[in-house]
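Me: Please take a close look at one part of this model, the contact between the chains, and set it in its surroundings. I would like one connected account, with the cut-off behind each term.

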Amino acid sequence: MKMHEAKRVEIIIEAVMEGRLTNALNEAGVTGYTILPVSGGSGRSGQWSREGQVGRAGGMVAVICLIHPDRLDALLESAFAVVERHIGVVSVSDTYVLRAERF
Amino acid sequence: MGMDGILALAGANLVSPIILSFLLGLVAALVRSDLSFPEAVAKGLSLYLLFAIGFKGGAGVAAHGVDALLVAALFAGVILSILLPFIAFAMLRFLTRVPVIDAAAVAGHYGSISIVTFVAASSLLAGRGIPAESYMIAVAAAMEAPAILSALWLAARRGGTAERVGAELWREILINGSIILLLGAFAIGWFTGEAGLAEIRSFIVDPFKGVLCLFLLDMGLVAGRGLRSSRGVLSLGAVIFGIVMPLVGATLSLAAGLALGLSFGGVVLLMVLGASASYIAVPAAMRVALPEANPALSLTLALGVTFPFNLTLGIPLYLLLAGAVTGN
């Protein structure tokens with residue numbers, strides 16, 4: 001089956017910034033993404049866990065976008081403007097998709 | 001009341017199911033038990049408590065009417081919420097070496113309020129048959145947000161880089177879910193009055209304390225986990241701050257409550273509001289507006305030090321202080 005190259009951008013960001021990030025992505029023309037809950041983790045800013053938390057302040061979410069490689073810079077620029085000062089991780093990896101016209 | 005009386009009251013408070021549930025959670029987390037509440041359950045308990053306390057407050061206002069004091073009490077609450085962060089900031093800078101941005105973020109937490117501390121104090125008052133103004137719950141809601149402004153002003157003024165507070169952040173702060181549910185339930189309770197309360201009493205009155213116990217069990221777990229994972233975050237100065245600041249807030253609120261002419265119960269509740277620190281509304285706002293501030297410091301202080309202090313010793317102490325001053 002024919003596969004097409006694509007980029008997978010994974011942004012782990014503070015839950016309170018989720019709406020701001022997805023707004024920025026939408027404005028940059030990236031309308032396809034998936035948001036996953038993050039149940040816990042550990043990093044430079046210490047440990048966090050979603051268990052038992054009532055507020056959103058202590059939690060993180062993962063936003064995953066699959067896009068055509070040509071659109072990567074625009075996506076990273078708009079995403080970085082939102083996440084720059086916040087706790088989180090931005091990573092990019094190569095991947096393949098089956099239906100290129102959707103990305 | 002002498003020292004014996006103080007100890008007796010504190011002792012009676014400590015063996016209530018509410019406090020013991022909190023301690024159970026705290027101990028379970030500290031010994032690394034796998035006891036935990038899923039996030040959705042914790043959120044559900046919190047929604048129940050906000051709805052019930054708001055509704056009961058509104059129904060109380062409908063039953064007893066509103067007096068001119070309501071507006072004055074709301075105003076006093078807002079002023080306290082704006083003022084307390086400045087005192088907290090100065091104390092933190094004196095007692096600890098935390099950076100300006102962290103001091104400002106912590107200060108914001110201490111100007112705002114903890115609704116569950118308020119609920120625990122209301123339960124203690126109700127258990128002892130001490131009436132209080134039903135609209136104090138509206139005062140609690142009014143005290144949630146103003147402190148955020150003070151914190152951001154302090155951060156910007158003292159060299160920090162506070163995010164400009166745009167319309168979006170204001171919208172999130174002012175109509176955040178907790179405030180909307182609390183005030184909305186208050187409005188429904190006020191509108192439907194005693195008859196409305198009678199209809200749902202079996203849901204929001206009778207099981208209330210049991211749900212509160214479960215919620216406090218969860219708070220204990222979260223506080224214990226925070227304390228366990230943040231060794232090294234809290235200096236001795238910060239811990240002293242976490243205990244002295246509520247006393248300062250309570251004392252200022254005592255003066256405000258007396259000047260307003262609130263009832264004995266109302267004064268106690270205002271003291272509890274002044275003494276408590278936010279761990280829901282303000283942390284979220286601070287993460288957006290002051291992202292460089294260390295979230296572990298504010299949350300561990302508010303939830304790991306000040307909340308347990310208020311719950312166990314603070315509330316009985318405020319009750320005794322207000323009683324001594326008002327002659328009750």
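Reply: Helices (H or I, at least four residues) and strands (E, at least two) are taken here as DSSP runs, numbered from the N terminus. By that convention chain A has 2 helices and 6 strands, and from the N terminus on its elements follow the order β-α-β-β-β-β-α-β. This is a predicted model, in which local features need pLDDT of at least 70 and side-chain atom pairs count only at pLDDT 80 or more, while totals for chains, interfaces and linings use all residues. Residues are numbered from 1 along each chain as its sequence is written, chains are lettered from A and ligands numbered from 1 in the order in which they are written, and side-chain values use heavy atoms, with hydrogens and water left out.

The C-alpha trace of chain A spans about 45 × 30 × 20 Å along its principal axes. Of its 103 residues, 39% count as buried, where buried means under 20% relative accessible area, exposed over 50% and partly exposed in between, with a 1.4 Å probe and protein chains only. Among the contacts in chain A with a separation of 6 or more, 80% come from residues 24 or more positions apart, contact being heavy atoms within 4.5 Å.

Now to the contact itself. Chain B brings 26 residues to it and chain A brings 16 residues. About 1900 Å² is buried between the two chains, and carbon and sulfur atoms give 50% of that area; buried area is the accessible area (1.4 Å probe) that two parts lose on being put together, summed over both. Of the area that chain B buries against chain A, 28% is supplied by E39(B), R287(B) and V288(B), more than by any other three residues.

On the side of chain B that touches chain A, at least two residues each come from α3 (39–64), α9 (167–174), α11 and α14 (281–289). The residues of that side divide into 13 nonpolar, 4 polar and 9 charged, with Ala, Val, Leu, Ile, Met, Phe, Trp, Tyr, Cys and Pro counted as nonpolar, Asp, Glu, Lys and Arg as charged, and the others, Gly among them, as polar.

The second way is by salt bridges, each a side-chain nitrogen of Lys or Arg within 4 Å of a carboxyl oxygen of Asp or Glu. The structure holds 5 of them over all chains, and 3 are counted between chain B and chain A. In one, R287(B) pairs with E14(A), the closest N and O atoms being 2.4 Å apart. In another, R20(A) meets E172(B) at 3.0 Å between the closest N and O atoms, and this pair crosses from helix α1 (residues 18–27) of chain A to helix α9 of chain B. Here R20(A) counts as buried because its relative accessibility is 14%, whereas E172(B), at 27%, counts as partly exposed.

The side chains of E292(B) and R85(A) also meet in a salt bridge, 2.8 Å from N to O. E292(B) lies in the loop between α14 and α15 (295–326) of chain B and R85(A) in the loop between α2 (72–83) and β6 (88–97) of chain A, so the pair joins two chains. Both ends are partly exposed, E292(B) with a relative accessible area of 38% and R85(A) at 28% relative accessibility. Within chain A, E10(A) forms a salt bridge with R8(A), with the closest N and O atoms 2.8 Å apart; E10(A) is partly exposed at 25%, and R8(A) is partly exposed at 28%.

Helix α3 of chain B, one of the helices named above, also carries F51(B). This residue counts as partly exposed because its relative accessibility is 24%. Not counting residues up to four places away in sequence, F51(B) touches L181(B), A185(B), I200(B) and I204(B). F51(B) and D206(B) are 155 residues apart in sequence, yet 14 Å apart in space from C-alpha to C-alpha.
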